[in-house]
Amino acid sequence: FEAGYDLGKEVVERARSFEDKLPTYYVMAKALGREHRHADARRMDKQALRALNEFPKRWYAVRIVRSLLKINTFMKNHTNDEIVSMPLMTDPKKIYAMKICADFGFCCHITNKAILMVFNLCKMILR
């Protein structure tokens, strides 16, 4: 794992664009999780999400409540058929953001960071 992690860090350093770094961040965080270094994987996922502007530098419980209210309103105003027939996500950045969010949520669960996990789930649903 260490050789792969070092290679991943080098790829991130030499990547020409952030889009080139995204798959490497994702794979490196997954590898850290496989080593049972879930806290390190969570930090790497959070770093990638912040770079994608998908995770705020500061957040409060108010944001979670506001997100839950938005989700509740959306679910009340749309039928299941309308939600299922929505267009699929095609933006590669958003797709990787969702993958990283899923991994981040798992790491939050394993490391007992329930508030981060709830906030992350709200962000995923609001996308």
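## A residue out in the open

His 36 sits in the loop between H2 and H3. Its backbone has a positive phi of about 65°, although His 36 is not a glycine.

At 65% relative accessibility, Asn 112 counts as exposed, and it is found in the loop between H6 and H7. Asn 112 also takes a positive phi, of about 60°, and it is not a glycine.

## What you are looking at

This is a predicted model, in which local features need pLDDT of at least 70 and side-chain atom pairs count only at pLDDT 80 or more, while totals for chains, interfaces and linings use all residues. Residues are numbered from 1 along each chain as its sequence is written, and side-chain values use heavy atoms, with hydrogens and water left out.

## The whole chain

The protein chain has seven helices and zero strands. Helices (H or I, at least four residues) and strands (E, at least two) are DSSP runs, numbered from the N terminus. The C-alpha atoms fill a box of roughly 50 × 30 × 25 Å along the principal axes. Of the 127 residues, 29% count as buried.

The accessible surface of the chain comes to about 8,700 Å², and 57% of that belongs to carbon and sulfur atoms. These areas come from the Shrake-Rupley method with a 1.4 Å probe, and for residues only the protein chains shown count as cover. Now for contacts, meaning heavy atoms within 4.5 Å. Among contacts between residues at least 6 apart in sequence, 63% join residues at least 24 apart.

## Helix H2

Helix H2 covers residues 18-34, which makes 17 residues. From its first C-alpha to its last it reaches 24 Å, close to the 24 Å expected at 1.5 Å a residue. That expected span is 1.5 Å times one less than the number of residues. The buried residues in H2 are Leu 22, Thr 24, Tyr 25, Met 28, Ala 29, Leu 32 and Gly 33. An α-helix has 3.6 residues a turn, so residues three or four places apart point the same way.

Which residues does Thr 24 touch, not counting residues up to four places away in sequence? They are Gly 8, Val 11 and Val 12. Thr 24 counts as buried because its relative accessibility is 14%.

## The nonpolar core

A nonpolar core is a set of buried Ala, Val, Leu, Ile, Met, Phe, Trp, Tyr and Cys residues joined through side-chain atoms within 4.5 Å. The largest one here has 24 residues, and those with the most contacts inside it include Tyr 25, Met 44 and Phe 104. H2, H3 (38-51), H4 (61-77), H6 (92-110) and H7 (114-126) each supply at least two residues of this core. The largest share, six residues, comes from H6.

Phe 55 is also among the core residues with the most contacts inside it. Leaving aside neighbours within four places in sequence, Phe 55 is in contact with Lys 46, Leu 49, Arg 50, Phe 104, Leu 116 and Phe 119.

## Helix H6 and its partners

The 19 residues of H6 should span 27 Å at 1.5 Å a residue, and its end C-alpha atoms are 27 Å apart, which agrees. Its buried residues, among them Ile 100, Asp 103 and Phe 104, pack against H2, H3 and H7.

Without residues up to four places away in sequence, Arg 42 touches Phe 104, Cys 107, Cys 108, Thr 111, Lys 113 and Leu 116. The C-alpha atoms of Arg 42 and Cys 107 are separated by 5.5 Å, though the two are 65 residues apart along the chain.

## A serine in helix H4

Ser 67 has its place in helix H4. Ser 67 is buried, with a relative accessible area of 11%. Leaving aside its neighbours within four places in sequence, Ser 67 is in contact with Cys 122 and Leu 126.

Key:
Buried means under 20% relative accessible area, exposed over 50%, partly exposed in between (1.4 Å probe, protein chains only).
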